[in-house]
Amino acid sequence: MAQNYDFIIVITGSKIKDYPKKNDKYQADPHIAALLENDQENIDPVGILIDFTFCAYDLQNKMVQNGHEGNFMIKYENLNVVQNQLDSCRIAKEKYDADSVFLKEALQKLNDFLYTNFIREGKNFCFMSFGDDLLTKILPQAVKKVNDIKLAPHFYQYFDILSEFKKHLPHAVQLYTLQEMLAYTNLKNKENSFEPFSTSTCKNVVRLLNMLINEGHILQNPKMINSSFQSVIDTNDDKNVYIAQRQIKSRKNYVRARTPSPFKNPTRGYYLRLRGLPYNSTEFEVFEFMRGIRLYKEDIAFNYDGEGKFTGEVYLRLSCQSDKYEAQNLNLGELEENYIEIYDTTENEWNQARMSQFSDKNDKYDLNAQPTNSDTRVSEDQGIIKLKGISANTTEQDIITLFVGLQVQQIRRSVIGGKPGNECFVVFKSKQEAHQALTYHMERINHRFVEVTLSNIVEFSNFMAHNFQSSAPQYSKDNMPIIPNEKKPNTLLVTGLSFNVTKEQIVAFFNEYSIQDRDIYMLTSHSGKFSGNCLVTFEDELEAQRALKQKNFTYLGSRYIEMFQYK
């Protein structure tokens with residue numbers, strides 16, 4: 001069985017007693033500090049985080065790579081640390097004064113390391129510590145002392161080496177310390193008195209982790225803690241109770257939505273919908289919110305509306321069921337003061353959100369772009385005219401010939417019943433050229449007099465949005481090939497072809513895509529003759545949608561073709 005994670009971030013820390021802040025001279029006086037240390041009533045039982053060490057253990061290669069470790073000594077404002085306090089941490093006062101940084105800077109450097117090496121690369125990771133205190137008490141207590149610090153989401157789940165050790169060796173129930181676990185497994189305690197205590201502890205945790213992995217232990221079901229660092233989830237039973245509580249809370253807060261509530265599972269796929277994200281969210285915020293769950297950039301689909309604006313919804317494609325369960329535990333988690341709701345969704349809805357990112361409405365005008373048949377964008381500087389009365393066999397070259405000397409950028413024909421209509425829009429490079437085109441009013445194209453009138457962007461946009469409403473031709477099942485369900489989204493119905501068209505010409509028409517002869521099925525009518533229509537199956541649905549967007553309503557030879565999504 002494969003591991004659910006790519007890396008384990010082992011993190012250990014050291015703390016000192018939190019003395020009452022009476023006066024700086026009391027803190028600096030070793031005698032007073034010793035007296036205060038004996039005064040248990042005035043001491044915070046949690047203590048102050050004074051340093052922490054981390055390293056990244058590669059589960060695949062079973063090693064810690066060079067450069068994937070670090071140690072930070074922490075200093076605080078209005079707190080003078082004396083050597084007596086640092087002795088238990090094996091830290092020299094001179095080194096502490098020279099190298100210590102504020103907690104905010106240390107956490108920022110750690111988060112930058114995690115983002116650069118794992119989150120950005122789509123690597124899945126989880127923290128591991130010895131015991132629960134560091135991530136549930138000591139670190140949160142230190143964060144509370146600094147007002148402008150907020151822990152990143154990946155700090156909310158972790159593995160405890162002691163718990164994992166007892167899972168792998170159930171009979172070792174009387175072990176409670178690292179030294180006892182090392183002795184039990186005949187591993188020598190290689191503590192170095194010249195390095196910080198947290199560094200030695202981190203190395204020993206890595207040695208135990210390496211032993212567990214080499215013996216086939218699988219890391220799964222990490223402990224989960226809520227935003228208040230109160231509820232710790234260890235066993236599957238605890239996790240189920242926690243999920244049920246979050247679902248009940250989500251249901252109470254569920255006021256309006258079109259999708260099912262999160263406790264309903266409409267699909268077996270590993271797809272989720274996140275709702276309520278800030279409108280300036282990027283993939284980085286999504287990676288951070290998902291707390292190290294395995295995600296790649298192409299698995300994230302931001303949903304845009306018809307105007308190209310982000311709706312605040314993100315659709316995710318996850319790699320396995322366990323990742324999906326862990327992601328659902330984050331329901332109603334907080335991202336930039338927004339509570340994020342998480343729902344089950346389907347692959348189809350994920351694909352729809354994915355395709356909304358490729359909409360022309362999301363693209364800004366590129367005035368330097370070269371005009372192509374698939375470019376339907378129009379800028380304010382371009383001029384538009386409308387032609388009426390053209391014949392069905394009029395080609396784009398005939399229209400360009402009529403306006404010789406003018407720079408034609410686009411030609412868009414109307415389509416009626418799958419055939420070219422008697423109207424079209426012509427887009428020129430400038431409005432001045434559009435006014436010059438009006439002089440061709442009532443000129444002939446293929447022995448037909450055509451009307452030339454001035455148009456605008458609004459009329460052109462409405463034409464492109466509502467003109468092509470003709471339905472695809474209907475066929476009986478006897479004349480249709482058997483296409484597997486998984487390939488139907490990848491298939492397009494191409495209509496309006498010449499009766500003597502060949503597969504080689506169709507392959508050449510789709511030369512930008514990976515199309516071969518076997519991907520084309522020529523449809524016949526009830527008489528057995530070629531009907532002028534065919535089915536083309538692409539490599540995936542995204543390729544099919546791109547072809548539909550770029551090649552629809554263009555010419556193949558002398559025929560103006562139309563394409564439809566295969567149902």
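Predicted model: local features only at pLDDT ≥ 70, side-chain atom pairs only at ≥ 80, totals over all residues.
**Exercise 1.** Determine how K93 and D97 are placed relative to each other in helix α4, and classify the exposure of each.

*Solution.* 
1. The side chains of K93 and D97 form a salt bridge with an N to O distance of 2.8 Å.
2. Both residues belong to helix α4 (residues 93-99), where they stand four residues apart, so about one helical turn separates them.
3. K93 has a relative accessibility of 22% and is therefore partly exposed.

**Exercise 2.** Identify the strands joined by the pair K386 and E423, and state whether each residue is buried or partly exposed.

*Solution.* 
1. The closest N and O atoms of K386 and E423 lie 3.8 Å apart, which meets the criterion of within 4 Å.
2. K386 is in strand β14 (residues 383-388) and E423 in strand β16 (residues 419-428); at 37 residues apart, the pair links distant parts of the chain.
3. The relative accessible area of K386 is 12%, so this residue is buried.
4. E423, with 26% relative accessibility, is partly exposed.

**Exercise 3.** How many salt bridges does a search of the whole structure find, and which residues does K223 join in a network?

*Solution.* 
1. The search finds 15 salt bridges.
2. K223 is linked with D132 and D160 in a network of salt bridges.

Technical notes. Residues numbered from 1 in each chain as written. Heavy atoms only, no water. Helix = DSSP H or I, 4+ residues; strand = E, 2+ residues; numbered from the N terminus. Buried < 20%, exposed > 50% of the residue type's maximum accessible area, 1.4 Å probe, protein only.
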